[in-house]
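Take a moment with the model before reading on. We will go from the whole chain down to single side chains.

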Amino acid sequence: MKELLFLFTAAAGALLGWMLGHFLRSILWKECRIHFPKGFAEIGSAFLFVLSVWMEGMPVAFDRRWTISAGILLLAGAAAMADVMEKRIPNGITAAVGIFSSAGFIGTSGSVWAEQLFGMLVAGGLLLAAAILSGGGLGGGDVKLAAALGLFLGSDAALRMLWAALLLAAVFCLWGLLGGRRSRKDEMALGPFFLAGTVVVLYMGI
């Protein structure tokens, strides 16, 4: 029975991954002109989702944690790629992060929802304040992605994600400045650092 449930869950995960991969391939091409060979994003996304189910270890009852995390990281990775290559984060990807984040808490108590919504306000609010104070140094896409990730992480983890992301960004910027590879006027994409900060919080316990 457990094996059948695992196979069913893996098949459902593969289908969801394929659909998400197709969505990402389409939106990256339409909005950013970033091209992937047909089937590449779909197969890679499906594999990631099946791997996430396998990491659950044939669950007795379906646990959304790994699957939702896989979707969030896949979407954040696509946002990071768009940010690096085109200096913008498509709204469709940010909206999908928010949808996946919300799906992870369907059926939970009101206190859980309150914590997640507070995480969205904390992460989005801090980035919005930084964007205003920087006079345009931070874009709206950064603010919206931070808010969507804050919804997924909750307030405490969102603060740790931002701390890790900004620390990594500062180290990268300093390394570039000292090595003569960057100047103070160069724009820097924060998407990859939000992705890295989320990975650090989820899997390194920081």
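Start with one term: a residue is buried if its relative accessible area is under 20%, exposed if over 50%, and partly exposed in between, using a 1.4 Å probe and protein chains only. This is a predicted model, so local features need pLDDT of at least 70, side-chain atom pairs count only at pLDDT 80 or more, and totals for chains, interfaces and linings use all residues. Residues are numbered from 1 along each chain as its sequence is written, and side-chain values use heavy atoms, with hydrogens and water left out.

Now the whole chain. It has 8 helices and 0 strands. Helices (H or I, at least four residues) and strands (E, at least two) are DSSP runs, numbered from the N terminus. The pattern along the sequence is α-α-α-α-α-α-α-α. Of the 206 residues in the chain, 44% are buried. The accessible surface comes to about 11,000 Å², and carbon and sulfur atoms account for 72% of that. These areas come from the Shrake-Rupley method with a 1.4 Å probe; for residues, only the protein chains shown count as cover.

Next, contacts, meaning heavy atoms within 4.5 Å. Take those between residues at least 6 apart in sequence: 72% of them join residues at least 24 apart.

Go to helix α7, residues 155–178. Ser155 lies in this helix. Is Ser155 buried or exposed? It counts as buried, because its relative accessibility is 12%. Leave aside its neighbours within four places in sequence, and Ser155 touches Glu115, Phe118, Gly119 and Val122. With Glu115 there is also a polar contact between side chains, at 2.8 Å. A polar contact is a pair of N or O atoms within 3.5 Å; within protein, one must be able to donate a hydrogen and the other to accept it, and residues adjacent in sequence count only if both atoms are side-chain atoms.

The term means a side-chain nitrogen of Lys or Arg within 4 Å of a carboxyl oxygen of Asp or Glu. By this rule the count is 1. The side chains of Arg160 and Asp156 form it, at 3.1 Å from N to O. Why are these two about one helical turn apart? Because they are 4 residues apart in helix α7. Arg160 is partly exposed at 29%, and Asp156 is partly exposed at 49%.

Now look for rings. Rings of Phe, Tyr and Trp (its six-membered ring) pair if their centres lie within 6.5 Å; planes under 30 degrees apart are stacked, over 60 edge-to-face, and the rest tilted. How many aromatic pairs does a search of the whole structure find? It finds 2. Phe172 and Trp175 have ring centres 6.1 Å apart and planes at 45°, so this pair is tilted. These two are 3 residues apart in helix α7, so about one helical turn separates them. Phe172 is partly exposed at 35%, whereas Trp175 is exposed at 51%. Phe172 also pairs with Phe193, again tilted, at 5.7 Å centre to centre and 55° between planes. Phe193 lies in helix α8 (residues 191–204), so this pair ties together parts 21 residues apart in sequence. Phe193 is buried, at 12%.

Finish in a loop. Lys87 sits between α3 (65–86) and α4 (91–103). Its phi is positive, near 60°. Most residues other than glycine have a negative phi. Lys87 is partly exposed, at 45%.
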